[in-house]
Amino acid sequence: RARQGIALQVLLGTNEPTLTQQVISTIEAVVGRRIQVLTATGWDTFAEQACSQPNDLIFVAPHQLNAGPAGVNALEKGLQMLRSITTSSPAWVIVLIEKEQLATWKQRLKDSGADAVIGLPFAPNALAEAIKPLAPLQR
């Protein structure tokens with residue numbers, strides 16, 4: 001895709017503008033090429049875009065997506081969503097969760113298909129390390 005001049009397709013599942021900008025800046029710095037970003041702020045839109053669009057990289061912050069079903073834990077919903085995404089998309093998936101939830105949820109999220117799980121707030125170098133495997137493929 002990079003040799004064809006096609007932008008890296010990135011899907012961001014969050015309703016937090018500051019987080020969106022931090023992620024975009026880090027991706028641009030690491031991959032060193034043009035990216036095209038789709039954002040989804042709600043579960044339904046995120047699920048549809050994650051499973052039907054030709055994404056190269058997917059970021060999701062489950063606790064920051066709007067309109068989750070009442071009484072449903074956002075991270076439990078995230079586990080279900082990851083299973084669906086990884087069966088329908090070859091995209092690299094990074095999940096962003098609160099740091100205090102890492103010990104409980106990191107392995108479960110990885111077992112469900114996440115390629116990386118990063119605590120929020122994140123240090124830019126932690127995110128850069130998580131997407132570094134994509135850099136050689138994209139230049």
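Colleague: Why is helix 2 called roughly parallel to helix 3?

Modeller: In this predicted model, the axes of helix 2 (residues 43-52) and helix 3 cross at roughly 20 degrees and come within 9 Å. Angles under 35 degrees count as roughly parallel, and helix 2 is therefore roughly parallel to helix 3. The crossing of these two helices is right-handed.

Colleague: Which residues make the contact between helix 2 and helix 3?

Modeller: Helix 2 contributes Trp 43, Phe 46, Ala 47, Ala 50 and Cys 51. From helix 3 come Ala 74, Lys 77, Gly 78, Met 81, Ser 84, Ile 85 and Ser 88. By class, the residues of this contact of helix 2 with helix 3 are eight nonpolar, three polar and one charged.

Colleague: What makes Lys 77 a charge that sits over the ring of Trp 43?

Modeller: The charged end of Lys 77 is 5.7 Å from the centre of the Trp 43 ring. The rule asks for a distance within 6 Å and a position within 35 degrees of the ring normal. Lys 77 is accordingly listed as sitting over the ring of Trp 43.

Colleague: How many aromatic pairs are there?

Modeller: The count is zero aromatic pairs. To pair, ring centres must lie within 6.5 Å.

Colleague: Why is helix 3 described as roughly parallel to helix 4?

Modeller: Helix 3 (residues 74-88) packs against helix 4 (residues 102-111) at an angle of about 15 degrees, and their axes are 9 Å apart. With the limit set at under 35 degrees, that angle makes helix 3 roughly parallel to helix 4. Their crossing is right-handed.

Colleague: Which residues meet where helix 3 and helix 4 are in contact?

Modeller: Leu 75, Glu 76, Leu 79 and Leu 82 in helix 3 meet Trp 105, Arg 108 and Leu 109 in helix 4. The residues of this contact of helix 3 with helix 4 comprise five nonpolar, no polar and two charged.

Colleague: What makes helix 1 and helix 5 oblique to each other?

Modeller: The axes of helix 1 (residues 17-31) and helix 5 (residues 124-131) cross at roughly 55 degrees and come within 10 Å. Roughly parallel would need an angle under 35 degrees, and roughly perpendicular one of 65 to 115. Helix 1 and helix 5 are therefore oblique. Helix 1 passes helix 5 in a right-handed crossing. Val 23, Thr 26, Ile 27 and Val 30 of helix 1 meet Pro 124, Leu 127, Ala 128 and Ile 131 of helix 5. This contact of helix 1 with helix 5 has seven nonpolar residues, one polar and no charged.

Colleague: Where is Pro 121 found, and what is the peptide bond from Leu 120 to Pro 121, cis or trans?

Modeller: Pro 121 lies in the loop between strand 5 (116-120) and helix 5. The bond from Leu 120 to Pro 121 is cis, with omega near -5 degrees.

How values were computed
Residues are numbered from 1 along each chain as its sequence is written. This is a predicted model: local features need pLDDT of at least 70, side-chain atom pairs count only at pLDDT 80 or more; totals for chains, interfaces and linings use all residues. Side-chain values use heavy atoms; hydrogens and water are left out. Axes are lines fitted to C-alpha atoms, for helices over the stretch in contact, and angles run from 0 to 180 degrees between N-to-C directions. Helices (H or I, at least four residues) and strands (E, at least two) are DSSP runs, numbered from the N terminus. Angles under 35 degrees count as roughly parallel, over 145 as roughly antiparallel, 65 to 115 as roughly perpendicular and the rest as oblique. A crossing is left-handed if the near helix is turned anticlockwise from the far one by less than a right angle, and right-handed if clockwise. Contact means heavy atoms within 4.5 Å. Ala, Val, Leu, Ile, Met, Phe, Trp, Tyr, Cys and Pro count as nonpolar, Asp, Glu, Lys and Arg as charged, and the others, Gly among them, as polar. Rings of Phe, Tyr and Trp (its six-membered ring) pair if their centres lie within 6.5 Å; planes under 30 degrees apart count as stacked, over 60 as edge-to-face and the rest as tilted.
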